[in-house]
Every structure is written in C-alpha cells, then in structure tokens.
Amino acid sequence: MDKNMAQVTIIIPNYNGIKYLGVCLDSLERQTVKDFRVLLVDNGSTDGSVEEVKKAYPKVDIFSLDKNYGFCRAVNEGIRLSKTAYVLLLNNDVEADSRFVEELLKAIKKDDKIFSVASKMLQYDDREKIDGAGDLYCALGWAFALGKGRKKDVYGKDGKVFSACAGAAIYRREVFEVIGYFDELHFAYLEDVDVGYRAKIMGYENVYASKAIVYHVGSGFSGSRYNSFKVRLASRNSVYLIYKNMPALQILLNLPLFLAGFGIKTLFFIIKGYGREYLSGIKRGYLLCTEGKKLEYSPSNFRNYVKIQWELWWNVIRRIIG
C-alpha cells in the first residue's frame, strides 16, 4: 500500500520489546483494512528488537531515540511524524483482533467531536476476562480501567468514557494541535487520562468501541501490576493531573473526596508493602506541579467543566459499585 494514501498511522512505542513485537506486528498484518502505516518509535532499546523488526518486517517505519524518554516522548515523536488524519497508539505487548483497526476507524468517523476511541482490551493469558474497556476518572482522584477482571461479554455496547487507554486507542490527530500533545512530564502512567481530560474541557468526547478488540499482556514495560517504579510514578502523576486540569475552585470543591481517596490509597499500598513509594510519589507530585504548566481556565468552557464535575461525582459511585 502507498503510505501516502494511509488513513491512520499506527504508532508503537518500544523499549526492549523483542519478546512481544512479533505477535503484535503479525496481528497487524492480518487486519481487514490495509490503509494504514506502522511506525515503531524506539526508546533506545538494547535487546536487538529494532534490528529484528528491520529484518523481519521491512515495511515498518522506525524512528529511534538515543535513550528511554518514556511513553509520552515516544508517542509525541510519532504523532508529529504522522501525516494521516488519525493516529492509533498501540502497546508492543498486544495482539490485535483482525477487525481492530477497522472498528476503531468506524467509531471515530461517526462524529467530528470525537477525539479518541478506546478499544476492548482482554487479558492475553486469560481471554475470557477484560483488562480494560476505556478509562474512568473520579472525584476521589482515582483513574481506573472500566471492567477490569470481569467476564469478556460485559461492556458489549459502545458508549462514552472519560478517556481512552493509550495502550490501544485511536485519536483524531488535528485535535492535538488544539489541546496539546501528551505531557512529557508524566513520562508514563495517567498521561492518557490527562490528554483525554484536556479534550473534554475543550468540548471533545472520548468513546469506547466494544468490537475493537486486543489481547493485552499488561505491565510489559514496568514488569508487574504493582512495583516501586509504577506506584511512585502513578501517585506522582495523580497529584499533577489534578493541579493541571482543575481550576482552584474545583480543587477546593473536591478536596474532601481527594483527601479520602488519597488516604484510602495510602492504606492500600502500606498493606501491599509500597506505602513509602506511594507517599514519595505524592511528594514528587507536589514538586512536579511547580514545573508543569497549568491548563488556563477559559469562561467559554464553563459548561464543559460543569459536565465533567458531574461525571467525576458519578464515577465515584461507579467505582464503588464496580
């Protein structure tokens, strides 16, 4: 296929992913639609994965960075290099169903106000269970994957979500020029919630496509669901996410719930043996707020802030009831 005719660029950030890349790239070769370009953005891998892709998948374009700059820098480089109307971000540790790209394209074309479309991510090793069906964010200061651990038949209908998990999601590229790219201060974790949040403030929507399916290994980068690196970085970014996207009055409005949410998480991670890492991340989050740029409040977006606030409260209930 002529790459100049592509509708979408599939951007795969990679760091020492030789264990997973073959399965991922093979699944893209089986897609029902073919009008896409694949761009691997490598974060200074040392495992020979770049050389292997060059040898086995010559049609894949490769952009190499000199070291590991994190997920955000990698995908931003890919988005800037893309010339297509849509960009599809895909983790290197997923296997895509044959209709995955087709279903995401179909969903994002339904409305020009759709910024992103989340896929249905099933667990790679237990394909009867959901890994995530889009992300929600609530007034406790928590982000969570919808449906995680539930049977795969749940969330069988399309709908709106707070944000799309960037591990397997499509985005309308031109919107990044309006809302900004992925915030590289995040490095990794919650960067997709942040960019989805900004889009919602600007009046765009994030939706979920139930028929766009991938099988996700999970924690391919950090190594496990809970570890020191992930806990520290996620807690840091959770503080920064609030500071960056909420006006001061909204932060005060939600402060009691934030205190409860962070308190519960502190106890949870103490029990898990990561209490020190979680609290260290909170401290680093406060310091990160002094480095990052707060999203400027605009009265023209007031109605969007109100809608988001109701969603944040409703998502507390959804989190509690599962």
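**Why is it called that? Questions on a predicted model**

Trainee: Why is G281 called buried?
Mentor: In this predicted model, G281 has a relative accessibility of 0%. Buried means under 20%, so G281 counts as buried.

Trainee: Where does G281 sit, and what does G281 touch beyond its sequence neighbours?
Mentor: G281 is part of helix 9. Leaving out residues up to four places away in sequence, G281 touches R232, S235 and R236. L190 is 91 residues from G281 in sequence, and their C-alpha atoms are 13 Å apart.

Trainee: What makes the crossing of helix 7 and helix 9 a contact, and which residues are in it?
Mentor: The axes of helix 7 (residues 228-245) and helix 9 (residues 275-291) come within 7 Å and cross at roughly 40°. The crossing is right-handed. Contact means heavy atoms within 4.5 Å, and the residues making it include R232, S235, R236 and Y240 of helix 7 and Y278, G281, I282 and G285 of helix 9.

Trainee: How do the residues of that contact divide by type?
Mentor: They split into 9 nonpolar, 6 polar and 4 charged.

Trainee: What makes helix 3 largely enclosed?
Mentor: Of its 11 residues, 8 are buried, so helix 3 is largely enclosed by the rest of the structure. The buried ones are F71, C72, A74, V75, N76, E77, G78 and I79. What covers them includes strand 1 (8-14), strand 2 (36-43), strand 3 (61-65), strand 4, helix 5 and helix 6.

Trainee: How do you know that T84 makes a polar contact with T9?
Mentor: Their side chains are paired at 2.8 Å, and a polar contact needs N or O atoms within 3.5 Å, so the pair qualifies. T84 is in the loop between helix 3 (71-81) and strand 4 (86-90). At 7%, T84 counts as buried. Setting aside neighbours within four places, the contacts of T84 are A6, Q7, V8, T9 and R173.

Trainee: Why is K129 with D126 called a salt bridge?
Mentor: Side chains of opposite charge can pair when their charged atoms come close. Here the closest N and O atoms are 3.9 Å apart, and the limit is within 4 Å, so K129 and D126 count as a salt bridge. K129 is partly exposed at 33%, and D126 is partly exposed at 29%.

Trainee: What makes K152 with E128 a link between distant parts of the chain?
Mentor: The salt bridge has its closest N and O atoms 3.5 Å apart. K152 sits in the loop between strand 9 (143-145) and strand 10 (159-161), and E128 in the loop between strand 6 (114-123) and strand 7 (130-132), 24 residues apart. K152 is partly exposed at 28%, as is E128 at 42%.

Trainee: Why do K200 and E311 tie parts of the chain together?
Mentor: Their closest N and O atoms are 2.8 Å apart in a salt bridge. K200 lies in helix 6 (residues 191-201) and E311 in helix 10 (residues 302-321), so the pair ties together parts that are 111 residues apart in sequence. K200 is at 13%, so it counts as buried.

Definitions and conventions
Residues numbered from 1 in each chain as written. Predicted model: local features only at pLDDT ≥ 70, side-chain atom pairs only at ≥ 80, totals over all residues. Heavy atoms only, no water. Helix = DSSP H or I, 4+ residues; strand = E, 2+ residues; numbered from the N terminus. Buried < 20%, exposed > 50% of the residue type's maximum accessible area, 1.4 Å probe, protein only. Polar contact = N/O pair within 3.5 Å; in protein donor to acceptor, adjacent residues only side chain to side chain. Axes fitted to C-alpha atoms, helices over the stretch in contact; angles between N-to-C directions. Left-handed = near helix turned anticlockwise from the far one by under 90°. Nonpolar A, V, L, I, M, F, W, Y, C, P; charged D, E, K, R; others polar. Salt bridge = Lys/Arg side-chain N within 4 Å of Asp/Glu carboxyl O.
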